Amino acid sequence: MPKSNRILVTGAGGFIGHHLVKRLRTEGHWVRGADIKSPEYEASDANEFEILDLRQFEHCLLSVRGGIDQVYNLAADMGGIGFITANHAEVARNNILINAHMLEASRVQDVKRFLFSSSACVYAQSKQKDADVTPLREEDAYPADPEPGYGWEKLYAEQLCTYYWQDYRFPTRIVRFHNVYGPLGTYEGGREKAPAAICRKVAMARNHGAIEIWGDGEQTRSFMYVDDCVEGLIRLMASEYGEPLNLGTDRLISINGLVAMVREIAGKQLTMKHDLSKPQGVRGRNSDNMLLRQVLRWEPSIPLEKGLDITYAWIEGELAKAGRTQREVAAQL
């Protein structure tokens, strides 16, 4: 990718967007960040950071003014399984507005390349009923049966990108994220994903205590560390590939297995209390990376153990600063 591109990252106040801005700046690009909120845990490295509501077309036009070369459209109303299953209409409405407006604003402002962040939630639920799931290939999104709300709007936005290429020759890239985790991300409040939630629960638990797990814990997923995610985004943007592409690891692990890994990192002995009344999503989901390897000549490689070690240390540190770990509570007594 040539140096000194002018790049817009929407969702730059969020987890992946914040990390992407940092990486692009280290590579010498001029970066504008746009989001409805500022980054929560540290200041943005963007040359410009603007608070904009990208559900509004006028704000989208503002975000791409001034000769932007590339747009990474990461802005989305999203969260963990509890949030997205409880807010179908709100999530779908907000994200449809963001994606449609950002596509059109980028087209009329002559952006050279547009990347849309989709999700593995677009995949047919009928193919994800077994914990020992067959890894999902890109074509497995059809016949369409995505997750309600969030999955449907992501799948529609993928099609909208395709239509913009077919009708306007507007160049788009489409990435399907598979469970991204790492530091500087939401770890409580309902919008956090499983790795962050588990790290928080383990950090706050007393040794030999118990933590709550949603479902029976045998549901499976694959997890990708955020640095690998950012590398994949940059490689896909630089490629000539315009079809949807998985971006994730193909290492399948159960939620119970993830808990065991975090317990070992924390050095705690904890029992799990499974709440079968809580949402747990599809039974199994894994990424087939064959096409990813063919297109990018690369795939994510950071081991789950290493990424979780970094993530747990950061979340525990944030909780300790607030006096919310058992170690900190004991010190205050």
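Me: Does Ser222 count as buried or exposed, and at what relative accessibility?

Reply: Please keep in mind that this is a predicted model. A residue is called buried when its relative accessible area is under 20%. Ser222 has a relative accessibility of 1%, so Ser222 counts as buried. Ser222 is found in the loop between strand E9 (220–221) and strand E10 (224–225).

Me: Which backbone oxygen lies 3.0 Å from a polar atom of the side chain of Ser222?

Reply: That atom is the backbone oxygen of Thr249.

Me: Where is His178 found, and with which side chain does the side chain of His178 make a polar contact?

Reply: His178 sits in the loop between E6 and strand E7 (180–181). With a relative accessible area of 1%, His178 is buried. Its side chain makes a polar contact with the side chain of Asn246, at 3.1 Å.

Me: Which residues have the most contacts inside the largest nonpolar core?

Reply: They are Val9, Leu20, Tyr72, Phe177, Leu233 and Leu247, in a core of 55 residues. Helix H7 (residues 226–238) supplies the largest share of this core, 7 residues. There is also a second, separate core of 22 residues, with Ala34, Leu54, Val64 and Leu160 among them.

Me: How should I read a helix, and which residues of H10 are buried?

Reply: An α-helix has 3.6 residues a turn, so residues three or four places apart point the same way. Helix H10 (residues 304–321) has 18 residues, and the distance from its first C-alpha to its last is 26 Å, close to the 26 Å expected at 1.5 Å a residue. The buried residues in H10 are Leu304, Gly307, Leu308, Thr311, Tyr312, Trp314, Ile315, Glu316, Glu318, Leu319 and Ala320. Just after H10, Gly323 takes a positive phi of about 70 degrees.

Me: How many of the residues of helix H6 are buried?

Reply: Helix H6 (residues 194–204) is mostly covered, with 9 of its 11 residues buried. Among them are the charged residues Arg200 and Lys201, together with others such as Pro195, Ile198 and Val202.

Me: How far apart in space are Cys161 and Thr172?

Reply: Their C-alpha atoms are 6.1 Å apart, although the two residues are 11 residues apart in sequence. Both belong to the lining of the second largest pocket. Cys161 is found in helix H5 and is buried, with a relative accessible area of 0%.

Me: What separates the C-alpha atoms of Val282 and Glu147?

Reply: The separation is 8.6 Å, for residues 135 apart along the chain. Val282 has its place in the loop between strand E13 (271–275) and helix H9 (290–296). Val282 is buried, with a relative accessible area of 8%.

Key. Residues numbered from 1 in each chain as written. Predicted model: local features only at pLDDT ≥ 70, side-chain atom pairs only at ≥ 80, totals over all residues. Heavy atoms only, no water. Core = buried A, V, L, I, M, F, W, Y, C linked by side-chain atoms within 4.5 Å. Buried < 20%, exposed > 50% of the residue type's maximum accessible area, 1.4 Å probe, protein only. Helix = DSSP H or I, 4+ residues; strand = E, 2+ residues; numbered from the N terminus. Expected span 1.5 Å × (residues − 1). 1 Å grid on protein atoms, 1.4 Å probe; cavity = no way out; pocket = protein on both sides within 12 Å on 5 of 7 lines; lining within 4 Å. Polar contact = N/O pair within 3.5 Å; in protein donor to acceptor, adjacent residues only side chain to side chain.
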